[in-house]
Structures are given as C-alpha cells and as structure tokens.
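Work through the exercises below with the sequence and the 3D structure open. Try each task before reading its solution.

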Amino acid sequence: MQKEYKTITEISGPLVFAEIDEPVGYDEIVEIETPSGETRRGQVLETTSEYVAIQVFEGTSGIDRNSSVRFLGETLQMPLTEELLGRVLSGSGEPIDGGPEIEPDEERPIVGAAINPTAREYPEEFIQTGVSAVDGMNTLVRGQKLPIFSGSGLPHNDLALQIARQATVPEEEDGGDDEGSEFAVIFGAMGITAEEANEFMDDFERTGALERSVVFMNLADDPAVERTVTPRLALTTAEYLAFDKGYHVLVILTDMTNYCEALREIGAAREEVPGRRGYPGYMYTDLAQLYERAGRIEGREGSVTQIPILTMPGDDDTHPIPDLTGYITEGQIYIDRDLNSQGIEPPVNVLPSLSRLMDDGIGEGLTREDHADVSDQLYAAYAEGEDLRDLVNIVGREALSERDNKYLDFADAFETEFVQQGYDTNRDIDETLDLGWELLSELPKEELNRIDEELIEKYYVETEAAQTAD
C-alpha cells in the first residue's frame, strides 16, 4: 500500500520539499494531490533519509502545505507501441491530438542506458536530406549526431522541417520492401512558442510527414521542468522503433538552449553552486546522456540519428551550450545571419560547418565515386572566394587578376545556386553533385587540383568561361 505524506515544508520555483520517514528512490515518480483535488505528477530530484526534493511537471501553483504526496515506487515510464507513429504528444508524453489513449505493447524507463561501446556499429551509411549544403558538403550518416547551430530569429525551424519532411534512407540494393529501410522521424520540441508549434503542425499535416512521425510538444508556457523529460521520452521512443522494430529513426530536438535554461532554473531552485555563466556544473554530463543515445547496434536493423538544434545566445559559439555540444557531437551545421539577410534559403554557411563522419558515409556504393573530391574542391574554391571578398573591400575588384575574379564569381554562384534552393526543393545526391560540377566547370581545369584526373575527364563540362580563361 502506498504511503501518503502531508509533510510539505517548502515550495521553491518548480520544486517541492517534503519530509519523509523511509528511503525514497532517486527519479521515483510522485503524485501530489492539491486541496482542490487536482493531481500533479513529479519526480524525485534529490533524496536523503529525512527529506526529498520533488520537481513537479505541471508547475507548483496551487500546491501548499495541505497537499498530500504519494511515492509510486517506479521511475517515469514511456508507453511504447508502433501505433505512436502519427501521434502528437505533450512534453510529458500525454496525447494532445484528440486521438485515443495509447495502448502500449510495453513500457520502459525514460532514462535509457548508454549503448555498450563494444556493441556499437560504426556509422557509415548515407541519409539523404535533400538539402545540398548538407548532403553535398556535410553529409549526415545513420547513427550520427549532427547539431544545427543557429541564432535567435534565424530560420532553423524551417530547415528542421525540411529535413524532417525530406529525409530518406536510400533503398537497400536488394529492394526497398525489407523492414530495415523503413524511416521514421521523432520530433521533440522544447520551450517553443504557440506560433512555432502551429507552424510545425501545419507543415507536418500539409506534407503528410506526420504519418511517419511522433511529435512531442513542450510549449514556452509549459513548466520548465517538463522540458527535462521531453527529450528523454523522445529518445526512448526512438530506441524502441529503431532497435525493436527495425526503423531508421531521425530524432530532431529543438531547442536545446531552452532545455539547458530549464536545467539552470532547477539548479538555481536547488541552490546549487553554478558553473560557467550560471549553468549547472553537470550540464556536460547531462547533455552527453542525451546525445550518446544516438547510434547503431551490431545485429540490429535500425539506427538512431540525432539532429539537435540550438540557438546560440548572442550568436556566440563559445557559449557553454554550443561549446559543450560541439565536444560531444560529430560536427555541426551553422545557420548564418549574413546569408539569411541576403535571402539565401537555407542560409547554411558550409565553411565553419563540419560532419566528422562524412568521409565514411560517402563514395562509390554509398553516394557516388566523385563525392569526396567534388566536396573538397567546392570547399576550397568557396573559401578562396570568401578571402578575396575581404581583399576587394580594400583594393577594389579592378585591382584583382582575372583568376581572382573567377573565384569571386564562383563564391557568389555557390551561394545563389548551390546553397540556395528554397525550403520546398528536394534534391537527390546526384542532382547536388551534378550542380557542383556545373559550378566547378566555370573554373579552368588546372585549378581543380583536389579532384582525380579520371573524374575530371568523366564529369567536367567545358564552358565558354573556362575556355576563355585557358
């Protein structure tokens, strides 16, 4: 029989402190009944032999010393079934789409165990997002964690929706009907506005992407504490679909900055000694517990790939949130404010962007034989064009050589033709690489020093501009 306590001693922000007379487990689920008869759920955040600190998911308003506390003797569980696909849930896992209650096949604790390193399969299979700046220059592979670094007011949500809508796993060579090539998207939103939530849902429903998605929605006016469980619910669902049901699952988490702000708020309520810029000292560990749940397991069909999105406060990539995220994840995609102001969609700056696993996920049999060379040459040519832009500001374009002017033109064309594609254009990898060759063919052949000569002979297209340069 569950014991009921009426021993609340203090309420501080999202936390309730209560006295106890027997041990209570860490992370144990709690029910708090208010004097008005309303029941709130909470989770044990700290426990001693004399008292517990409880974080309340639905907020502490209305809770007072006359409220009763019941400890359920179990941790927070996520009800799991394949029928979750197509459903919209709250940040605490409750259905909010007007559909039926979830009839789970099983329930699992949301604090998942890390994948055993010896059981991990190395990520090296291509995921096609349909976005040239990602597929061509910073390729995403199955089992990778590749965050998007953005800033306040930038269209990272549009890019996230585009990837969620377009992402596919190229069909297996032995046919696309096998279960291993099924694809699902888990979308975890934390602390977003009602306007953003409506935008997400309208897009999911308009494009039909909702049918293969599970959406967890935590709004800005929902309790901050709920934000700490939303990504864990999403990842538990992803692991079930991937490793039990054979799906390749793409998990998009937005916005990790709001998640970290919730950690800071809870830490302040607990009067913890703060770390950098007031964030908890354990934030690195906490983020790692989320990010490291991406991957592949030997002998299992499915995979969990993560794209966390975070808005860098003040566009500062040395801020603790992007800084720690960069240490844990395998690269980053930068959304650029200057490109956005020029109307480039999506405004991805490929120069500081990076995919550390790209080299293992591209090439013959995966994407195309020329992918690595084309990507290297595009990067080098664009970087040179960017450097020359700085020089033009000083000496003027007339002072540059004909070669330098070609690189300036290339940088402009790269942004307006390769990166720019709009949010509704879905380019397959062959289209992306062919477009790269079109741009490179504007340069003289001798400038293509990062591409194998056989590939140049096969793909290079002689243009009038290149011939006049010769």
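The model is a predicted one.

**Exercise 1. Decide whether the overall size agrees or disagrees with a compact globule.**

Step 1. The chain has 470 residues, so a compact globule would have a radius of gyration near 23 Å.

Step 2. The protein has 25 Å, which agrees.

Step 3. For the extent along the principal axes, the C-alpha trace spans about 85 × 55 × 40 Å.

**Exercise 2. State how the chain is built and how it is packed.**

Step 1. Count the secondary structure: 15 helices and 20 strands.

Step 2. Buried means under 20% relative accessible area. By this cut-off, 56% of the 470 residues are buried.

Step 3. Take the contacts between residues at least 6 apart in sequence; 72% of them join residues at least 24 apart.

**Exercise 3. Locate the nonpolar cores.**

Step 1. The largest core holds 68 residues, and Phe410 and Phe414 have the most contacts inside it.

Step 2. Helix H12, residues 402–419, gives the most to this core, with eight residues.

Step 3. Beyond its neighbours within four places in sequence, Phe410 touches Leu378, Ala381, Tyr382, Leu439, Leu440 and Leu443.

Step 4. A second, separate core has 55 residues, among them Leu80, Leu85, Tyr259 and Tyr291.

Methods
Residues numbered from 1 in each chain as written. Predicted model: local features only at pLDDT ≥ 70, side-chain atom pairs only at ≥ 80, totals over all residues. Heavy atoms only, no water. Helix = DSSP H or I, 4+ residues; strand = E, 2+ residues; numbered from the N terminus. Rg over C-alpha atoms; globule rule 2.2 N^0.38 Å. Buried < 20%, exposed > 50% of the residue type's maximum accessible area, 1.4 Å probe, protein only. Contact = heavy atoms within 4.5 Å. Core = buried A, V, L, I, M, F, W, Y, C linked by side-chain atoms within 4.5 Å.
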